[in-house]
Amino acid sequence: MLSEKLKKETLESHQALEKVLIQKIKSVNTLEDYSEILNWFYNFYSPIESQVDQYISENILNDYSQRRKSASLAHDIISVNGTLPENPRQTGVQIENVYDALGALYVMEGSTIGGSIISKMISDRLGLQNKEFLTYFNSYGENTMSMWKSFKESLDQFPATGEQQLRVVKSANNTFKHFKLLITQHEQQNQL
Ligand code: HEM
């Protein structure tokens with residue numbers, strides 16, 4: 001099954017990303033620190049979603065429109081800051097076909113699972129009662145696991161040869177890698 005292959009073959013990239021992100025979250029003390037994390041996600045997801053849109057439609061994923069993340073990220077950034085960053089950055093991720101798109105989407109959808117953990121960590125650290133700031137990290141709320149299950153079912157129903165499945169896995173690993181790179185580059189700039 002493609003979903004099982006993805007889980008197994010991206011485990012290392014997931015752990016590497018989770019490590020840098022957890023480190024950052026543990027140093028969040030102000031809304032400004034939190035807003036920096038939101039900006040990373042927005043700068044990364046927004047250009048990738050635009051590319052994914054070219055290859056994924058409701059025929060492939062019947063609830064695709066519900067699964068887009070940029071709008072809730074933009075909402076949270078505006079709630080915290082009042083403004084959005086102007087031009088989302090280049091991500092290093094290049095989506096060239098439906099298999100690349102599925103790999104990137106796997107990463108963005110899976111982030112809703114960690115998202116509920118992140119949401120709790122951030123609201124505990126900042127004493128936030130107001131969930132208006134946390135709509136992205138809470139995206140599917142109590143439906144997170146059922147949304148994840150139905151996403152995996154759609155993935156597994158999508159016809160893909162062994163080679164095409166490899167392309168999906170490669171794209172997912174590349175997406176994880178570039179997101180981690182974006183975070184570490186920002187952190188290095190902050191330390192200068
Ligand atoms: C603090 C950061 C994070 C934590 C604590 C975390 C935690 C988790 C946990 C507990 C799972 C479920 C693992 C399982 O079912 O065996 C998971 C799954 C997943 N997470 Fe994360 N995560 C984090 C960040 C992210 C981010 C930023 C992304 C992507 C941008 C991501 C992508 C995924 C994916 C794709 C899965 C699905 C794995 C599968 O195929 O079952 N995670 N995460």
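Which of the 19 residues around the ligand come nearest? I listed Lys7, His14, Tyr106, Gly110 and Trp148, counting a residue as near if one of its heavy atoms lies within 4 Å of the molecule.

I noted that the model is predicted, that local features need pLDDT of at least 70 and side-chain atom pairs pLDDT 80 or more, and that totals for chains, interfaces and linings use all residues. Residues are numbered from 1 along each chain as its sequence is written, and side-chain values use heavy atoms, with hydrogens and water left out.

I then looked up polar contacts (pairs of N or O atoms within 3.5 Å). A polar side-chain atom of Tyr106 lies 2.5 Å from an oxygen atom of the ligand, and one of Lys7 lies 2.8 Å from a ligand oxygen atom. At Gly110 a polar backbone atom is 3.4 Å from a nitrogen atom of the ligand.

I checked which elements give two or more residues to the shell around the ligand: helix 2 (11-25), helix 3 (31-53), helix 5 (98-126) and helix 7 (162-191). Helices here are DSSP runs of H or I with at least four residues, numbered from the N terminus. Helix 5 gives the most, with eight residues.

I sorted the shell by class and got 13 nonpolar, four polar and two charged residues. Tyr and Trp count as nonpolar, Lys as charged and Gly as polar.

Note on methods. Polar contact = N/O pair within 3.5 Å; in protein donor to acceptor, adjacent residues only side chain to side chain.
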